[in-house]
2 protein chains.
Amino acid sequence: MVQVVEKTRVRARPLRQARDERVVAKDLPLGRILEGDCIEAMRSLPSASVDMVFADPPYNLQLGGDLNRPDGSHVDAVTNDWDKFDSFATYDKFTREWLAEARRVLKPNGSLWVIGSYHNIFRVGAILQDLGFWILNDIVWRKANPMPNFKGTRFTNAHETLIWAGMGEKAKYTFNYRTMKTLNDELQMRSDWVLPICSGQERLKRDGAKAHPTQKPEALLYRVMLATTNKGDVVLDPFFGTGTTGAVAKRLGREWIGCERESVYREVALERIEMALPLDESALTTMQSPKAAPKVAFGTLVETGWIAPGALLTDKKRKMKATVHADGSLRTPAGETGSIHGLGAKLQGAPSCNGWSFWHLEHEGEIKPIDAVRQLYLLATEP
Amino acid sequence: MVQVVEKTRVRARPLRQARDERVVAKDLPLGRILEGDCIEAMRSLPSASVDMVFADPPYNLQLGGDLNRPDGSHVDAVTNDWDKFDSFATYDKFTREWLAEARRVLKPNGSLWVIGSYHNIFRVGAILQDLGFWILNDIVWRKANPMPNFKGTRFTNAHETLIWAGMGEKAKYTFNYRTMKTLNDELQMRSDWVLPICSGQERLKRDGAKAHPTQKPEALLYRVMLATTNKGDVVLDPFFGTGTTGAVAKRLGREWIGCERESVYREVALERIEMALPLDESALTTMQSPKAAPKVAFGTLVETGWIAPGALLTDKKRKMKATVHADGSLRTPAGETGSIHGLGAKLQGAPSCNGWSFWHLEHEGEIKPIDAVRQLYLLATEP
DNA sequence: AGCTAGGCTGAATCCTTGC
DNA sequence: AGCAAGGATTCAGCCTAGC
């Protein structure tokens, strides 16, 4: 049974600390972007003064040469100086310093979010554990529309990782369980979030070009803030960029502080936040990502044993035959090979073919389309 | 049209090393589970002798005992941090040691897989980078049916993370791109894999209870091995448990070596692997045929009369033109010459060009890429 | 107005072989 | 070792132009 009670933790705190906070809040540079290096900038903030830190630090991508798409066009990569570090040791030192400052300015019941990719996230995660942060979840941002791997050399890098951490094992933190469940159609919000990358209207431009190479989608920050802060909380972003954190904070009624070295980014961010409108309740629903229809590849059924490699598939009239191979491809007795769709099309001389309905399996005398197996698989694996 | 041609990298290696490998392979304890501590066990293996390591190490041996002891007094932050450091340090030392041994026994073009959760994966990832491994992808195993978070205190922990790494920045590695694309219905395989957890028939029992607390699904190993090893490759699993790695290796025609301390797990694993059935040769062929794609030079098509010298080639929009010369080179009306690839790139001002898809031939009013001719040639000349 | 075709782009550690 | 040349390689979403 669903219990409609907000489960946000109430942070118990000694009286004296609460009084300090009131004094401190007046001194905080709310709604402002601090200039210069973020470590220096954070040093100007009082200790235990912010409720949440969201950080999108440089990833230290270490890209090689140029990369072109198969059509010859050039990939506009992240080549900015701010992403260049001499070595892992240099990157680690930088990471330790900004994380230590973030820890100092966080309240005892505050929490930290960091986003990164495999290039940097393991180092960041280990260091924040070393500093005493207590990881609460790692969240996977599954990109609905990632850039493909153009050369066919690896798996498509289709996600980024966020770490959410509290101040320590025993520290309290804010988690708006009920809000998340509502946002997720009455299912618990999982640790994998499917969201599109930032593009289209949302992507900020400057002189026709993208204003920042790695602008994050507002939907991502929206979910982060809705889940782990309360209205009126102070959110600090040490790598403010073009101000996604500030814009979403304003929309959701949170206070924000940014740090940003590059004056161009600061200008773009301030303009953008100026235009951001606090969100009315009804717009909340439109922010939800549409529930993705579950896709199942034929190969998954083979991998998971629902269809055995070596199994014989036929068309409905059992005239055409093919056997299933370990990679999910099919092969006819004549040696023609292809995917369930491609081979089906080839055999019929058709431009295309829905392999799921074309190919059949015989089971106890009955012949059934392989889509029936997919349906069974879905039934068995859906929560 | 779907062409199921394997693109497995052929690893070029000096002759002497190849000879050494043959000697070494005979000495390897293939199909056996080494007893005792995995670090010690791995020390008994020769260097540069295995093609892939799959490791499912224990999660951080927690912190639990010390931090949870009810000593009544207030645990201050310093002691807290010290305990953590001590504990993490122990785990890190263990991790560094087994990873170093794994690195030693791996061939120069081998690769490493490690699976973990947020408790340990960040430490493992940072350490393997420090040891010189080069991360190729981080893979998210998105569980189709995870355990819910009963207390409603965090996001449902619905995934685990795998790291796939090569031996170094410049090292080669095996990636069966074509196989993965086939397995995923003709779309590039992404870094997020949706697979059910291990349950039902597949879950091994011992006296009614589950035989191992963290048994991994065979589908996960199936994809890992299909993607990054070739038939006959040697796979080492230092944390063998109940032998999922061995069972899948046997099914897919790979050799395996395991290390496992607990005799009960070893017993269960051996029984299980004994019962596993290898896929028959024909089911494995399509995915394992490095030589399946005989290379055809454009010049061959000209020599053999499939494309006549003097023929007019154009781009898809018929804006650029070139004529075919007897040696397979092209020449534009303006006198520019080059190969199908080189000239295509030059005319577009592109850094590179696939001449097979860029250049087209007109035949009975239809315009077709010259690759279509190559396909016809292949069909006609295939044994 | 609506619809389609084509173009553009996104945190990317993105080729292989032979001389 | 470095260089030159052969040749294999992309997915989803949004925008604009054109009908």
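I first looked up Asp192(B), which forms a salt bridge with Arg142(A), the closest N and O atoms being 2.8 Å apart. Asp192(B) lies in strand E6 (residues 192-195) of chain B and Arg142(A) in strand E4 (residues 134-143) of chain A, so this pair joins two chains. I took a salt bridge as a side-chain nitrogen of Lys or Arg within 4 Å of a carboxyl oxygen of Asp or Glu. Helices (H or I, at least four residues) and strands (E, at least two) are DSSP runs, numbered from the N terminus.

I note that the model is predicted: local features need pLDDT of at least 70, side-chain atom pairs count only at pLDDT 80 or more, and totals for chains, interfaces and linings use all residues. Residues are numbered from 1 along each chain as its sequence is written, chains are lettered from A and ligands numbered from 1 in the order in which they are written, and side-chain values use heavy atoms, with hydrogens and water left out.

**Salt bridges**

I checked burial for the opening pair and found Asp192(B) buried, as is Arg142(A). Buried means under 20% relative accessible area, exposed over 50%, and partly exposed in between (1.4 Å probe, protein chains only). Both residues belong to a network of salt bridges that links Arg142(A), Arg190(A), Asp192(A), Arg142(B), Arg190(B) and Asp192(B). My search of the whole structure gave 38 salt bridges over all chains.

Asp92(A) is buried at a relative accessible area of 12%, and Arg123(A) is buried at 3%.

Arg178(B) has a relative accessible area of 16% and is buried, whereas Glu186(B), at 21%, counts as partly exposed.

**Helix H7 of chain B**

I examined Arg223(B), which is found in helix H7 of chain B and is buried, with a relative accessible area of 4%. Leaving aside neighbours within four places in sequence, Arg223(B) is in contact (heavy atoms within 4.5 Å) with residues including Thr300(A), Glu303(A), Met180(B) and Trp193(B).

I then compared axes, which are lines fitted to C-alpha atoms, for helices over the stretch in contact, with angles running from 0 to 180 degrees between N-to-C directions. The axes of H7(B) (residues 218-228) and H8(B) (residues 244-251) come within 9 Å and cross at roughly 55 degrees. That makes H7(B) oblique to H8(B); angles under 35 degrees count as roughly parallel, over 145 as roughly antiparallel, 65 to 115 as roughly perpendicular and the rest as oblique. Among the contact residues are Leu221(B) and Met225(B) of H7(B) and Ala247(B) and Val248(B) of H8(B).

**Helices H7 and H8 of chain A**

I repeated the search in chain A, where the axes of H7(A) (residues 244-251) and H8(A) (residues 263-275) come within 9 Å and cross at roughly 15 degrees. That makes H7(A) roughly parallel to H8(A). Thr244(A), Gly246(A), Ala247(A) and Lys250(A) in H7(A) meet Arg272(A), Ile273(A) and Glu274(A) in H8(A).
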